[in-house]
Amino acid sequence: GCDCGRDVLDDRGARWVVDGGEVGPGHPMLRAVLPDGRPIVGLPGNPLAAVSGLVTLAAPLIAAMRDVPSLDEDVVLGVDVTSHPRDTRIIPVVIEDGQARPLRFDGPAMLRSLALADALVAIPPSGGLAGSAVPLLPVPALR
């Protein structure tokens with residue numbers, strides 16, 4: 001099969017910064033830099049996967065380009081969350097009483113969870129126990 005986007009970037013001499021990633025949902029995503037310094041971000045097609053790529057790849061890049069400090073904020077999980085053995089899971093949550101609670105609809109093509117979410121959180125591989133602190137990924141477009 002044709003991997004046309006990557007082929008075009010390779011032909012233009014792009015330097016790969018991220019090619020894929022150990023995050024789900026979020027496959028495939030990419031970040032590259034063209035020889036003239038322009039950044040390129042490629043996002044997956046499923047809605048939740050695209051937003052995951054947006055908050056993990058594009059938002060930090062834009063913040064750095066604007067010289068805006070990044071927010072390093074954690075939130076405590078209110079319940080156990082199923083983790084992945086190798087990949088970081090990005091899941092939509094609601095914040096209740098200062099704790100993150102996952103939404104039921106967290107598949108990569110699900111828009112319902114994005115519409116109901118207060119934020120996203122990153123669940124590290126083999127993590128996700130209730131009471132543990134996890135990175136909060138703000139999504140400004142949600143509210």
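Helices (H or I, at least four residues) and strands (E, at least two) are DSSP runs, and they are numbered from the N terminus. With that in hand, welcome to a predicted model.

**Figure 1. The whole chain, element by element.** The protein chain holds three helices and nine strands. Starting at the N terminus, you can follow the elements in the order α-β-β-β-β-α-β-β-β-α-β-β. Of the 143 residues in the protein chain, 36% are buried.

**Figure 2. A close-up of the largest pocket.** Two elements to look for are α2 (47–65) and β9 (133–137), as each supplies at least two lining residues of the largest pocket. The biggest contribution comes from α2, which gives seven residues to the lining.

**Figure 3. Helix α2 along its length.** How far apart should the ends of this helix be? At 1.5 Å a residue, the 19 residues of α2 should span 27 Å, and the end C-alpha atoms lie 25 Å apart, which agrees. Look for a bend of about 40 degrees in α2 at L54. Just after the helix comes D67, with a positive phi of about 60 degrees.

**Figure 4. The buried side of the story in α2.** Among the buried residues of this helix are L48, A49, V51, G53, L57 and L61. While you trace the helix, keep a general rule in mind: an α-helix has 3.6 residues a turn, so residues three or four places apart point the same way.

**Figure 5. Strand β7 and its two partners.** Which strand pairs with β7 in the parallel sense? That partner is β5 (residues 74–77), which meets β7 (residues 99–102) over two bridges. Within this pairing, L77 stands opposite A100. Strand β6 (residues 88–96) also pairs with β7, here in the antiparallel sense and over four bridges. A100 of β7 is the bridge partner of I95.

**Figure 6. The turn between β6 and β7.** These strands form a hairpin, with two residues between them. Find D97 in the turn: this residue has a positive phi of about 55 degrees.

Methods:
Residues are numbered from 1 along each chain as its sequence is written. This is a predicted model: local features need pLDDT of at least 70, side-chain atom pairs count only at pLDDT 80 or more; totals for chains, interfaces and linings use all residues. Side-chain values use heavy atoms; hydrogens and water are left out. The expected span of a helix is 1.5 Å times one less than its number of residues. The bend at a residue is the angle between axes fitted to the seven residues ending there and the seven starting there. Buried means under 20% relative accessible area, exposed over 50%, partly exposed in between (1.4 Å probe, protein chains only). Two strands pair if DSSP finds at least two bridges between them.
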